[in-house]
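This report describes the fold of one protein chain and then turns to a single residue. Please keep the structure in view while reading.

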Amino acid sequence: MMKNMLFLVYLINFLGFFMVSTMAKDSNDQLMTLSKLKMFVDELQDMPRIKGYDVINGVHVPKSLKIGMYKKKWKFHRDLPASEVFAYGTSRHTATVPGPTIEAIYGVDSYITWRNHLPSKHILPWDPSIPIATTTFKKGIPTVVHLHGGIDEPQSDGHSEAWFTKHFKHHGPKWTTKTYHYHNYQHPGTMWYHDHAMGLTRVNILAGLMGAYVIQQPNVEGPLGLIYGEEYDRPLVVFDRGFRSDGSIYMNSTGNNPSIHPQWQPEYFGDAIIVNGKAWPYMNVKRRKYRFRIINASNARFFKFVFTNNMSFIHVASDSAYHESPVELHDLLLAPSEIADVIVDFSKSKSKSKSVILANDAVYPYPFGDPVNEENSKVMKFIINSDHEVQTGHIPHKLITYRPPDISTASNTRYIAFYEYASDIDEPTHLYINGKSYEAPVTEMPKVGTSEIWNIINLTEDNHPLHIHLGLFVVLEQIELVNIEEFKGCMMKLNDAIKCKIDKYSHGKRTKVVIHEKGWKNVYKMMPGYVTKIFVKFSLIHSNESYPFDATAEPGYVYHCHILDHEDNVMMRPLKFVN
């Protein structure tokens with residue numbers, strides 16, 4: 001009886017998928033010719049800013065917010081018809097793509113009730129054959145919000161199985177609360193919030209569900225003298241999209257293995273580059289310093305940012321953590337979900353130069369894919385005012401020093417292997433971590449307050465950005481595997497790095513960790529054919545204290561690849577803490 005019920009659920013979900021896909025095809029399946037869209041005609045938006053705190057008698061105090069998810073129309077380009085999107089906002093009218101930038105203060109609690117106002121049917125095709133948040137016979141689009149980089153209690157982390165539908169009518173097996181409690185008791189820096197529903201993350205984010213979140217610590221950041229304020233300190237949320245000629249977001253409704261997965265494909269790429277909700281926007285800037293908090297919110301696209309006039313980036317923070325000292329770079333590689341906090345000094349542009357283009361030169365998929373084309377090689381244009389400006393804000397020689405990793409304190413060493421599986425036609429079918437599906441019993445159970453060494457063994461041909469919820473880590477070394485096919489053959493049989501004698505194979509070329517990525521990270525690029533050794537800390541990096549909440553509570557946490565198409569199918573594993 002149970003088998004029959006499960007088959008019926010699958011059938012209903014598949015029919016729902018088929019109807020959405022067919023409707024999308026029937027409406028207009030003709031791809032927009034992006035060369036017809038003129039670049040740099042829409043001005044860069046500064047997304048609405050919402051304070052996650054109140055000020056009473058000059059004192060910062062906790063605040064409660066209600067932020068909804070709405071279906072609405074959104075103009076990505078002046079000459080493109082409005083697109084149906086899902087957007088975060090305090091109302092349907094104010095909802096934006098990306099969502100509002102939430103500004104929090106260190107040590108001041110923010111309480112957010114995330115409300116799902118989405119319709120019963122998705123605007124994009126989804127695949128019921130992968131592990132997915134399902135409402136079985138019920139209607140509604142499952143959503144849940146994860147604060148990427150946040151150090152928060154399990155109930156507020158946005159667990160993939162803690163999803164909920166409109167008005168909280170239905171929810172997943174790990175759902176616990178309507179209101180999330182963000183302690184903001186962590187180092188200052190830039191994060192982002194986004195959807196995290198099981199098996200739907202890629203389509204919900206593709207539809208528009210993401211936004212920036214910044215924790216400020218005035219008594220620590222103020223003395224640094226860095227740029228501050230809305231005019232000169234801007235989050236830049238960057239992602240790629242494809243469009244049909246009717247303006248709708250394009251996502252291929254046929255999988256690369258349609259007999260196995262009707263819709264799932266291993267990576268999504270679109271040729272239109274979107275910054276703060278506009279395709280190839282422009283920004284008028286003064287001839288002075290600006291601060292940009294760049295968030296790669298793409299499903300699968302890596303960006304290698306470079307200025308066409310060879311201007312440099314002054315890199316001050318990676319992901320959510322400041323460096324000890326600023327680093328000057330002429331190009332900047334960001335994987336999906338990585339964040340770069342940079343200073344750009346437009347006074348360094350030649351006085352006769354009136355504009356500069358922020359370009360992209362990362363192949364896709366990375367690192368063995370196609371070269372960029374005319375459309376996806378351009379990101380945005382800066383139009384530079386000819387008048388010289390009096391500079392405010394400076395770049396200090398020293399930023400913030402956190403306690404460096406002490407390898408001798410590591411309480412455990414783990415081997416984490418990445419696998420990709422293919423069909424008879426040699427097309428990817430799914431990806432696993434440690435050869436296990438997400439549903440397999442939890443195997444990573446660190447002790448709260450400890451540190452561990454994780455050896456990430458990438459046996460695939462892709463670069464996988466690994467994201468660990470709650471934990472931060474420092475990359476220690478990257479060593480190429482030799483005779484990898486021999487080692488991979490053993491791993492596919494035994495799934496045990498020790499029994500397969502990993503030391504025999506991990507002595508190839510050593511790739512240096514670039515200087516601006518040597519600090520504390522919450523996501524990192526795991527090179528194909530390499531073992532990447534990381535030191536993971538399960539306590540606060542700024543104080544070495546344990547967490548101000550019970551990290552052992554349900555529903556626990558997860559770690560996963562942040563290529564969203566991989567995460568959904570199903571390159572993600574549970575992470576459970578113990579005392």
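## Basis of the report

The model is predicted: local features need pLDDT of at least 70, side-chain atom pairs count only at pLDDT 80 or more, and totals for chains, interfaces and linings use all residues. Residues are numbered from 1 along each chain as its sequence is written, and side-chain values use heavy atoms, with hydrogens and water left out.

## The chain as a whole

The chain contains six helices and 33 strands; these are DSSP runs, with helices (H or I) of at least four residues and strands (E) of at least two, numbered from the N terminus. Along the principal axes, the C-alpha trace spans about 75 × 60 × 50 Å.

Of the 579 residues, 61% count as buried, a term for a relative accessible area under 20%, while exposed means over 50% and partly exposed lies in between (1.4 Å probe, protein chains only). Among contacts (heavy atoms within 4.5 Å) with a separation of 6 or more, 79% join residues 24 or more positions apart.

## Residue K378

Is K378 buried or exposed? K378 is buried, because its relative accessible area is 17%.

Beyond its neighbours within four places in sequence, K378 is in contact with M39, F40, I273, W280, I357 and L358. The side chain of K378 also makes a polar contact with the side chain of E374, at 3.2 Å. A polar contact is a pair of N or O atoms within 3.5 Å; within protein, one must be able to donate a hydrogen and the other to accept it, and residues adjacent in sequence count only if both atoms are side-chain atoms.
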